[in-house]
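Please walk through this protein chain with its sequence and 3D structure open.

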Amino acid sequence: YHDLRNSNTPISILQGHKRSVHSCLFLSDHELVTLSTDSEMKLWNINTGQCLQTYTGHVNEKTFVGLTANASHLICGSEDNCLYAYSKHVSRPVMSYDFKRPPVAVDDNITRTHFVCTVCWKMNSPIVLAANSDGNIAILELL
């Protein structure tokens with residue numbers, strides 16, 4: 001998080017992920033969520049730099065999977081072809097959706113895995129869109 005008027009000095013540096021951070025999303029004026037290839041999602045207070053919560057249960061080690069959120073829930077894709085929903089205050093998933101497609105052997109040495117690559121929350125709605133690496137799109141209602 002930087003003040004662009006003085007780009008040499010960051011306002012805050014958030015440290016805690018073990019690998020590449022590929023997605024981030026502001027939740028409010030003071031909260032940010034990040035998603036990393038260390039298979040962790042983190043909620044941060046950007047004013048203090050403190051990690052408020054670490055979320056685990058999804059698989060994210062090499063592929064950039066999707067991230068979306070509303071005021072109370074965070075949702076991310078996963079390399080196990082599932083979508084995971086987390087309550088903002090609970091570190092393990094409260095819901096998951098499985099696209100139900102096993103890995104496919106391309107040849108004797110390569111196995112192609114399927115993953116959820118993008119997610120999108122419809123504003124002011126319980127509707128979430130999830131798309132996977134096969135081009136399938138699921139429109140889900142979270143109740």
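What follows is a guided reading of the model, one region at a time.

The model is predicted: local features need pLDDT of at least 70, side-chain atom pairs count only at pLDDT 80 or more, and totals for chains, interfaces and linings use all residues. Residues are numbered from 1 along each chain as its sequence is written, and side-chain values use heavy atoms, with hydrogens and water left out.

Start with the sheet. Strands here are DSSP runs of E with at least two residues, numbered from the N terminus, and two of them pair if DSSP finds at least two bridges between them. Four strands make an open antiparallel sheet, in the order β1-β2-β3-β4. At its edges are β1 (21-26) and β4 (50-55), each of which pairs on one side only. From one strand to the next the twist averages 25 degrees; the angle is taken between N-to-C directions, on a scale from 0 to 180 degrees, with axes as lines fitted to C-alpha atoms. β1 and β2 (residues 31-36) run antiparallel and are joined by five bridges. Across this pairing, L25 stands opposite V33 in β2.

Next come two loop residues. S39, in the loop between β2 and β3 (41-45), is not a glycine, yet its phi is positive, about 65 degrees. N81 sits in the loop between β6 (73-77) and β7 (82-87) and, at 1% relative accessibility, counts as buried. Which residue lies 17 residues from N81 along the chain, with its C-alpha atom 6.2 Å away? That residue is D98, found in strand β8 (residues 95-98) and partly exposed at 33% relative accessibility.

Now the charged pairs. Side chains of opposite charge can pair when their charged atoms come close. A salt bridge here is a side-chain nitrogen of Lys or Arg within 4 Å of a carboxyl oxygen of Asp or Glu, and the count by this rule is three. K18 and E40 form one of them, at 3.1 Å from N to O. This pair links distant parts of the chain, as K18 is in the segment before β1 and E40 is in the loop between β2 and β3, 22 residues apart. K18 is exposed, at 60%, whereas E40 is buried, at 12%. E40 also forms a salt bridge with K42, with the closest N and O atoms 3.3 Å apart; K42 is buried at 6% relative accessibility.

K88 lies in the loop between β7 and β8 and E31 in strand β2, so the pair ties together parts 57 residues apart in sequence. K88 is buried at 12%, and E31 is buried at 10%.

Last, the cysteines. The structure holds zero disulfides, a disulfide being a pair of cysteine sulfur atoms within 2.5 Å. C76 is buried, at 0% relative accessibility, while C120 is partly exposed, at 44%.

Technical notes
Buried < 20%, exposed > 50% of the residue type's maximum accessible area, 1.4 Å probe, protein only.
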